[in-house]
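Here's a quick tour of a single chain, going from the overall fold down to a few individual residues. Have the sequence and the model open as you read.

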Amino acid sequence: TIELALAMGAKVIAGVSIPDKMEYPQSAGAHRVFCYGRNKKDHKRFKDQVKAAAIEMGHPEGVDLVVDMVQGELFEGALVSCCKPLGTICLVGFTAGQKPIRPGLIL
């Protein structure tokens, strides 16, 4: 996913669950890599880091596209709010199991 986004000219901000996994997205060329952790405090920190990185990269309203491979607790807690208004969210995988999405959350 990172390589494809880079080939299309995107600036990539990647998230990993634990710091030990940060090497892969970095080696694949991600511009920024942050650890989203496993609890609400970590998710808030991740959200703040992504928003700050988006601003640094010239996107003050948020990121254009979120690709979520897990759809875990992070989805509602941080990823939705990182996306700019009328941005795109792609749910690609459900490794945490498919969860219902509140209809008004995304619209």
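Contact here means heavy atoms within 4.5 Å. Taking the contacts in the chain with a separation of 6 or more, residues 24 or more positions apart account for 41% of them. Keep in mind that this is a predicted model.

**The chain as a whole**

What order do the elements come in from the N terminus on? They run α-β-α-β-α-β-α-β-α, which gives five helices and four strands in the chain. The radius of gyration is 13 Å, close to the 13 Å that the globule rule gives for 107 residues, so the chain is as compact as a globular protein of that length. If you box up the C-alpha atoms along the principal axes, you get roughly 35 × 30 × 25 Å. As for burial, 32% of the 107 residues count as buried.

**Two helices side by side**

Two packed helices are described by the angle between their axes and the distance between the axes. For α3 (residues 40–56) and α4 (residues 73–82), the axes come within 9 Å and cross at roughly 20 degrees. Angles under 35 degrees count as roughly parallel, so α3 is roughly parallel to α4. The crossing of the pair is right-handed. On the α3 side, the contact is made by H43, F46, K47, V50 and K51, while α4 brings E73, L74, G77, A78, L79, S81 and C82. Sort the residues of this contact by type and you find six nonpolar, three polar and three charged.

**A few residues up close**

| Residue | Relative accessibility | Class |
|---|---|---|
| D42 | 18% | buried |
| D68 | 7% | buried |
| R32 | 28% | partly exposed |
| Q98 | 64% | exposed |
| L86 | 89% | exposed |

D42 is found in helix α3, and D68 in strand β3 (residues 63–68). Buried means under 20% relative accessible area, so D42, at 18%, counts as buried. Leaving out residues up to four places away in sequence, D42 touches Y36 and G37.

R32 lies in strand β2 (residues 32–35). Not counting residues up to four places away in sequence, R32 touches V12, I13, A14, A53, E56 and M57. R32 and Q49 are 17 residues apart in sequence, and their C-alpha atoms are 9.6 Å apart in space.

Q98 lies in the loop between β4 (83–91) and α5 (103–106). The C-alpha atoms of Q98 and G9 are separated by 30 Å, and the two residues are 89 residues apart along the chain.

L86 has its place in strand β4. Most residues other than glycine have a negative phi. L86 is not a glycine, yet has a positive phi of about 65 degrees. With a relative accessible area of 89%, L86 is exposed as well.

Conventions. Residues are numbered from 1 along each chain as its sequence is written. This is a predicted model: local features need pLDDT of at least 70, side-chain atom pairs count only at pLDDT 80 or more; totals for chains, interfaces and linings use all residues. Side-chain values use heavy atoms; hydrogens and water are left out. Axes are lines fitted to C-alpha atoms, for helices over the stretch in contact, and angles run from 0 to 180 degrees between N-to-C directions. Helices (H or I, at least four residues) and strands (E, at least two) are DSSP runs, numbered from the N terminus. Angles under 35 degrees count as roughly parallel, over 145 as roughly antiparallel, 65 to 115 as roughly perpendicular and the rest as oblique. A crossing is left-handed if the near helix is turned anticlockwise from the far one by less than a right angle, and right-handed if clockwise. Ala, Val, Leu, Ile, Met, Phe, Trp, Tyr, Cys and Pro count as nonpolar, Asp, Glu, Lys and Arg as charged, and the others, Gly among them, as polar. Buried means under 20% relative accessible area, exposed over 50%, partly exposed in between (1.4 Å probe, protein chains only). The radius of gyration is taken over C-alpha atoms; the globule rule is 2.2 Å times the number of residues to the power 0.38.
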